[in-house]
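Thanks for coming, everyone. Let me put the model on the screen and walk you through it.

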Amino acid sequence: MNLFADCQIWLGITNSQDLVSLLQFPFMQRAIAGAILMGILGGLLGCFVTLRQLSFFSHAVGHAALVGVALGVILQLNPTGMLLPFTLIFGVIVLYFIDKTDLASDSVLSIVLSGALAIGVILTSLIKGYRGNLMGVLFGDILAIDATDLILTLLVLLGSSIFLLSTLRQQILLTLNADVAQVQGIPIQLYRYGFVILLSLAVAVAIKAVGVLLVNAFLVIPASTAKLMSHHFTRFLILSVIIGSSSSVVGMMVSGIFNLASGPSIVLVQFLVFVAVFVWIKLTIKAA
């Protein structure tokens, strides 16, 4: 069964019984597996993204990915295949600019994001004919992920888990106070660039699911929700992973039942969970 036929079936869902039947199809099973893996990855990295105030960084990397996709279409290469090397190189270069200039990091990110986005828009205007691949990257299509995407996501998740969890004490200290971490002999630059590389790769693999426009929310919202629920780092990390993975699966179900786009549906569920947790905490505090 080709992807077009699969999507037709997906759009034809009208009730939960149809949704259960749809779970028997391989494309749906891959989508669920991808949602879980990407949700875990987003929850894990999102903790450090929010605490280190790198939300704008991931936002810039995500939008700059449009350049890589457009180049892939123009050069008649796989647009998704262009994402990984392009976002990786872009992320490292941006961090290098931040380190080597006297400008504030948000200023550097604004300049680079604007420039990359302008280049991306110009390149897309040069694309003639069918732009389906480009639109899929902009808005996400988790149903289109294949075995290669799952393997790449799993590899990035394993690499991130090993890198962050094996050096968790150092990572926490670096997050809380970089000066103290440097005094204690922690290789700050190695850890910073290592994290940026992982973050850039995570953005690249998540773009296919939620799109360039929403990939930053995919990283930030679950971690922000978890931060509202606990200030203990270990619980914060576990809650972020749980919220990221479960909301991704629920978002896909919502997408199927109500015939909505998968990427926005996932982010919408994450947003509603954030609002619900926020209201619950405020009401709990007021009741106490």
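**Overall layout**

The chain has 14 helices and zero strands. Helices here are DSSP runs of H or I with at least four residues, strands are E runs of at least two, and both are numbered from the N terminus. Read from the N terminus, the order is α-α-α-α-α-α-α-α-α-α-α-α-α-α.

A word on the source. This is a predicted model: local features need pLDDT of at least 70, side-chain atom pairs count only at pLDDT 80 or more, and totals for chains, interfaces and linings use all residues. Residues are numbered from 1 along each chain as its sequence is written, and side-chain values use heavy atoms, with hydrogens and water left out.

Now burial. Of the chain's 288 residues, 47% count as buried. Buried means under 20% relative accessible area, exposed means over 50%, and partly exposed is in between (1.4 Å probe, protein chains only). Next, contacts, meaning heavy atoms within 4.5 Å. Take those between residues at least 6 apart in sequence: 74% of them join residues at least 24 apart.

**The core and Phe195**

How many residues does the largest nonpolar core have? It has 78. A nonpolar core is a set of buried Ala, Val, Leu, Ile, Met, Phe, Trp, Tyr and Cys residues joined through side-chain atoms within 4.5 Å. Ile142, Phe195 and Met252 have the most contacts inside this core. Helix α11, residues 188–210, gives the largest share of the core, with 16 residues.

Stay with Phe195. Set aside neighbours within four places in sequence, and Phe195 is in contact with Leu45, Phe48, Val49, Arg52, Leu54, Phe163 and Leu164. Arg52 lies over the face of the Phe195 ring, 4.9 Å from its centre. The criterion for a charge over a ring is NZ of Lys or CZ of Arg within 6 Å of the ring centre and within 35 degrees of the ring normal.

**Aromatic pairs**

Searching the whole structure gives five aromatic pairs. In the pair Phe233 and Phe236, the ring centres are 6.0 Å apart and the planes stand at 75 degrees, so this one is edge-to-face. The cut-offs: rings of Phe, Tyr and Trp (its six-membered ring) pair if their centres lie within 6.5 Å; planes under 30 degrees apart are stacked, over 60 edge-to-face, the rest tilted.

Both residues sit in helix α13, residues 233–257, three residues apart, about one turn of the helix. Phe233 is buried at 16% relative accessible area. Phe236 is buried too, at 3%. Ring pairs join Phe48, Phe195, Phe233 and Phe236 into a cluster. So Phe195 turns up again.

**One salt bridge**

How many salt bridges does a search of the whole structure find? One. The term means a side-chain nitrogen of Lys or Arg within 4 Å of a carboxyl oxygen of Asp or Glu. The partners are Arg192 and Asp99, with their closest N and O atoms 3.0 Å apart. The pair links distant parts of the chain: Arg192 is in α11, Asp99 is in α5 (residues 79–100), and 93 residues separate them.

**Helix α12 and its surroundings**

Eleven of the 15 residues of α12 (residues 215–229) are buried, so the rest of the structure largely encloses this helix. Val215, Phe218 and Pro222 are among them. The buried residues of α12 pack against α3 (26–51), α4 (55–74), α11, α13 and α14.

Val210 lies in α11. Val210 is buried, at 0% relative accessibility. Beyond four places in sequence, Val210 touches Phe139, Gly140, Val215, Phe218, Gly263 and Ile266. Val210 and Val267 are 57 residues apart in sequence, yet 7.8 Å apart C-alpha to C-alpha.

Ser265 is in α14, residues 262–287. Ser265 is buried at 2%. Its contacts, not counting residues up to four places away in sequence, are Gly251, Ser255 and Leu260.

**A last stop: Gln53**

Gln53 has a positive phi of about 55 degrees, although it is not a glycine. Gln53 is in the loop between α3 and α4. Gln53 is exposed, with 71% relative accessible area.

That is the tour.
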